[in-house]
Amino acid sequence: MNKGLRLLLSILTALTVFSFISISQAKEPYKIGAIFSVTGAASFLGEPEKNTVLMLVDEINRAGGINGHPLEVIIEDSKSDETQAVLAAKKLLEKDNVLAIIGPSTTGESMALVPIMNNAKTPLISCAAGAGITNPVQERYWIFKTPQYDTSAVEAIYTHMKKHGITKVGIITIATGFGDAGKKALHDLAPKFGITIVADERYGPKDSDMTTQLTKIKASGAQAVINWSVGPGQVVVTKNWHSLKMGIPLYQSHGWGSKKNIELAGKAAEGVIAPLGRLVVWDKLPDKHPQKALLKKYEEDYKAHYKGEPGTFGGHAYDALMMVVEALKKAGPDRKKIRDYIENNIKNWPGTGGIFNMSPKDHCGLDMSAFEMVVVKNGDWEILK
Amino acid sequence: MFTVFLQFLFSGLTTGAVYALVGIGFNIVYNSTSIINLAQGEFVVIGGLMMWLFLEGLKLSFMTSIILTLAVAGSIGLIMERLTIRPLLKKADLLLMIMVTIAVSILMRGILMFKFGKEPYSYPPFTEGEPIIVYGAVIQQQTLWVIFITGLCIVLLYLFFNKTLLGKAMRACSVDPRAARLMGINVSRIVMLSFVISAVIGAVGGIAITPISLMEYDKGPMLAVKGFCASIMGGLGRGRGAVIGGFVLGILESLTAGYIHSGMKDAVALIIMLFILFVRPAGLFGSAEVARLRRF
């Protein structure tokens with residue numbers, strides 16, 4: 001027997017065996033794609049997102065899959081880069097033939113995928129916050145997102161300020177995409193709440209001292225400071241605010257929600273107020289709150305699987321995946337049906353980010369009620385009434 | 001109004017002290033090798049993160065942690081020189097070696113990320129207590145520590161380079177390596193020593209600033225750029241120059257942020273630096289003749 005023939009025979013044998021296996025197995029798997037910034041600049045988003053998805057898929061499949069079909073999520077790393085995200089999406093759509101894609105992690109990457117998903121007529125549930133991802137909604141037929149809008153966080157802060165008679169604020173924002181979006185939202189919404197921005201300061205992501213900017217805000221006669229950033233900058237601002245004894249309250253953005261920040265800022269963090277998703281304060285919610293059980297389970301499962309806390313970002317992937325899973329369960333493996341289900345049937349749907357109410361006019365489904373105003377007290381979070 | 005000005009000044013002194021320490025580190029290596037060691041910022045990061053590891057992670061005492069941190073940083077400087085600079089020193093040109101230091105800095109950042117993750121780290125300031133108030137302006141106690149430690153480093157380095165035989169040998173190498181070798185100085189050992197000292201100086205800076213500014217794995221490049229600016233502003237290779245350059249840069253940044261706009265901070269400081277270099281290409285304290293004699 002020559003070599004070629006032998007090879008052919010063994011391939012044939014293998015194929016027969018495989019086909020028997022697949023027949024013996026229940027049904028063919030449902031394929032979903034996921035694109036996350038697992039490495040690169042935005043890896044602090046992509047890592048918990050990937051971990052969350054791996055954990056959930058495992059759990060779903062162990063419980064028998066979706067209507068008997070195993071769930072298969074193909075995770076691609078976009079390396080925090082738009083080009084890579086586009087390549088990953090094309091691969092998922094053309095080669096893997098996925099039913100929906102969840103991710104990417106950043107606004108820039110999500111925007112790059114909008115035309116591709118619309119052409120491919122496949123739903124995308126983004127895990128990035130930018131309002132432009134789902135607006136204008138008529139041009140975003142196939143696009144959804146799970147994180148809250150920046151503007152909702154601003155509304156929550158301004159509402160709280162209005163209640164406490166604060167009308168003049170000084171804002172300090174980080175010079176990154178996150179800070180730019182926050183700055184714009186803070187400026188756009190201020191008139192609606194009768195608030196004047198009397199000082200507008202900035203700082204770089206690696207700056208080590210913001211005393212100068214805060215001194216200017218103090219001199220401007222502001223009644224409160226709002227800092228809009230993620231990363232170490234928010235801790236440095238908190239420390240500087242504390243040591244300057246500014247005598248006016250400090251508000252942080254929704255990026256403040258990590259115990260690590262309180263740990264790093266120490267007693268300087270006492271009294272800092274921020275609009276936070278309920279994931280960080282689930283244990284302080286009333287028992288009948290619809291999000292409580294789900295948040296508890298998510299956090300405890302995550303901590304059992306990985307070291308570290310899931311954080312808000314992992315939660316965005318949780319919500320995105322669970323929406324698709326529910327749509328698959330109820331509407332079946334059809335791209336259009338999945339899209340329609342998410343748009344019309346995700347109503348009063350508790351997720352980690354809030355209680356979602358999707359509609360043909362709103363492909364995010366969250367408003368400022370997704371946030372609780374939380375103050376730091378005795379080194380822990382406390383919900384403000 | 002004076003209070004506000006004073007506050008800007010204090011803020012500038014804090015950042016300036018760190019730029020100065022990084023700048024000194026550049027100068028020490030430059031003087032003995034004519035190399036710009038672009039991994040200098042990573043040593044600051046190593047200083048802060050290792051200090052955290054010993055102090056908070058392993059719960060060692062304060063002094064032990066400092067000694068261990070400096071030992072680790074010094075050893076990394078030594079290994080870096082032996083593995084990457086020494087094999088190239090005789091055959092390769094300077095530009096290539098500068099590239100090598102960039103490669104080393106990327107490698108170090110990767111290892112630090114792997115070990116420490118991407119979160120920032122911090123530990124309590126050296127002395128707990130209320131900030132000090134001078135004419136209504138607030139100065140944190142740790143800031144005084146940073147300035148004091150910077151001053152101490154400057155004095156120690158001055159004594160070392162001017163009063164000890166080893167220090168004088170290092171200066172001789174910086175003036176003319178070949179003549180130094182003919183005088184019986186082991187140039188290769190001196191180059192190694194310069195990397196160790198600059199690594200230790202960087203780590204000292206990292207240890208001192210971490211309670212103020214926090215430390216994370218990728219803070220190095222920003223510090224390297226600012227420290228490099230400080231040292232060319234003062235005149236590359238001039239110890240005193242880097243110190244004054246560092247403080248000038250820090251204060252300029254702070255005043256720009258205070259009186260023009262915080263978004264313009266880096267731009268204006270760098271424009272002023274360019275202007276200084278146009279007027280005095282050898283830096284504030286450098287001499288044009290010496291600069292012309294150097295290879296790079």
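**View 1. Where chain B meets chain A in this predicted model.** The contact draws 26 residues from chain B and 23 residues from chain A. On the chain B side, α1, α8 and α10 (239–260) each put in at least two residues. Helix α1(B) gives the largest share of that side, with six residues. Sorted by class, the side of chain B that touches chain A comes out at 10 nonpolar, 11 polar and five charged residues.

**View 2. Helix α5 of chain B, end to end.** This one runs over residues 141–163, so 23 residues in total, and at 1.5 Å a residue it should span 33 Å. The C-alpha atoms at its ends sit 32 Å apart, which agrees with that expectation.

**View 3. The buried residues of α5(B).** Have a look at B:Q142, B:T143, B:V146, B:T150 and B:C153, the buried residues of this helix. What do they pack against? Their partners are α1 (2–33), β2 (137–139) and α8 (187–213), again from chain B.

**View 4. Stepping back to the fold of chain B.** Chain B has 12 helices and two strands, and along the sequence they go α-α-α-α-β-β-α-α-α-α-α-α-α-α. Its radius of gyration is 19 Å, close to the 19 Å that the globule rule gives for 296 residues, so chain B is as compact as a globular protein of that length. The C-alpha trace spans about 60 × 50 × 35 Å along its principal axes.

**View 5. Inside chain B.** Buried residues account for 50% of the 296 residues here. Of the chain B contacts with a separation of 6 or more, 76% link residues 24 or more positions apart.

Technical notes: Residues are numbered from 1 along each chain as its sequence is written. Chains are lettered from A and ligands numbered from 1 in the order in which they are written. This is a predicted model: local features need pLDDT of at least 70, side-chain atom pairs count only at pLDDT 80 or more; totals for chains, interfaces and linings use all residues. Helices (H or I, at least four residues) and strands (E, at least two) are DSSP runs, numbered from the N terminus. The expected span of a helix is 1.5 Å times one less than its number of residues. A residue is buried if 20 or more other C-beta atoms lie within 10 Å of its own, exposed if 12 or fewer, and partly exposed in between; C-beta atoms are placed from the backbone. Two residues are in contact if their C-beta atoms, placed from the backbone, lie within 7 Å. The radius of gyration is taken over C-alpha atoms; the globule rule is 2.2 Å times the number of residues to the power 0.38. Ala, Val, Leu, Ile, Met, Phe, Trp, Tyr, Cys and Pro count as nonpolar, Asp, Glu, Lys and Arg as charged, and the others, Gly among them, as polar.
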